[in-house]
Every structure is written in C-alpha cells, then in structure tokens.
Amino acid sequence: MTDLKITPFSPEIASPAVDLPDKRLLTIVGESGMRKLIDDHYELLVDSAASHLFPPRGPELMLAKRKASDFFIQILGGHPHYNENQGKPMLRKRHMPFSIDAEARNIWLECYREVLLKREIPEDVLFSYWHYLDKFSMWMVNS
C-alpha cells in the first residue's frame, strides 16, 4: 500500500513553495472522475471532526463540491471552470473567514488520503498530487 505521509504543520513552514501536481492525473481519471473524487472527499469531511468547516448536505455542499472540483480540474490543466465561475482562485483569502487549524488540515488530508488510495492511480502521479495537497493545505491554516 502506498504511504502518503502528512507533513506536520509548523508556523515556520506555513507558506511553503508549492509545485503544481502532475497533470496526467486528469488524463487518467477524467473530469468526471475528478468530480467523483472531490464528491467522495467531501462526503467524508461532512462526517468528520472538521464538519463544522463545511456546509451540511444539501445545495450548499453541492456548490462547495463543484467549486472544489472546478479548482482541481483547472490546476490539473483542464478547463478553467474555476476562473470562469469564481474569478482568480485566491484560496487563502477565500478561506480566511473559517478558523482552520492544524488538526482540521490533518483531517482534510486524512479524508483525501482515504479516497485517493481507493483509486487506481500510478504511484508517481499519486505522489505528485499528494505532495501538492500536503504543501497547498499548509497555506490554508490560519489559526
């Protein structure tokens, strides 16, 4: 089994350099597969100890899933849905209204790891995406 490690959060590395993930992931899973991955991730999150950071099941959660899917599809080289629908990402700024601590980041990553390991993704592509998520998520910690 692939070991996707979570880098412990530290204020000293709260804004690490982030390399974009291997765009082959989108080729492998397709846009619909990426949307399913995000859907599965959010379904775990709304039942997690970090559920207070996410809308309850219903239209608001569906919108959050769409926005997240649009973002990840776009950064993987797909259609710029996010820019068309939301504007420039500015995700750190968009997440500021929410109190996100290191534990919430860990939960977010643990849920992501669970859904990723259920997919058949070549290890090098998986590690590239995981590395992106691990570093990118540090930027969202704000409390």
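Is Tyr 112 buried or exposed? In this predicted model, in which local features need pLDDT of at least 70, side-chain atom pairs count only at pLDDT 80 or more and totals for chains, interfaces and linings use all residues, Tyr 112 is buried, with a relative accessible area of 0%. Buried here denotes under 20% relative accessible area, exposed over 50%, and partly exposed the range in between (1.4 Å probe, protein chains only). Residues are numbered from 1 along each chain as its sequence is written, and side-chain values use heavy atoms, with hydrogens and water left out.

A pair of aromatic rings is described by the distance of the centres and the angle of the planes. Rings of Phe, Tyr and Trp (its six-membered ring) were paired if their centres lie within 6.5 Å, with planes under 30 degrees apart counted as stacked, over 60 as edge-to-face and the rest as tilted.

Because Phe 71 belongs to helix H2 (residues 59-75) and Phe 136 to helix H6 (residues 123-138), the pair ties together parts that are 65 residues apart in sequence. Helices are DSSP runs (H or I, at least four residues), numbered from the N terminus. Phe 71 is buried at 7% relative accessibility, and Phe 136 is buried at 11%.

For Trp 108 and Tyr 112, the centres are 5.1 Å apart with planes at 70°, so the pair is edge-to-face. Trp 108 and Tyr 112 are four residues apart in helix H5 (residues 102-116), a separation of about one helical turn. Trp 108 is buried at 16% relative accessibility.

One aromatic cluster is formed by Phe 71, Phe 72, Tyr 82, Trp 108, Tyr 112, Tyr 129, Tyr 132 and Phe 136.

Technical notes. Helix = DSSP H or I, 4+ residues; strand = E, 2+ residues; numbered from the N terminus.
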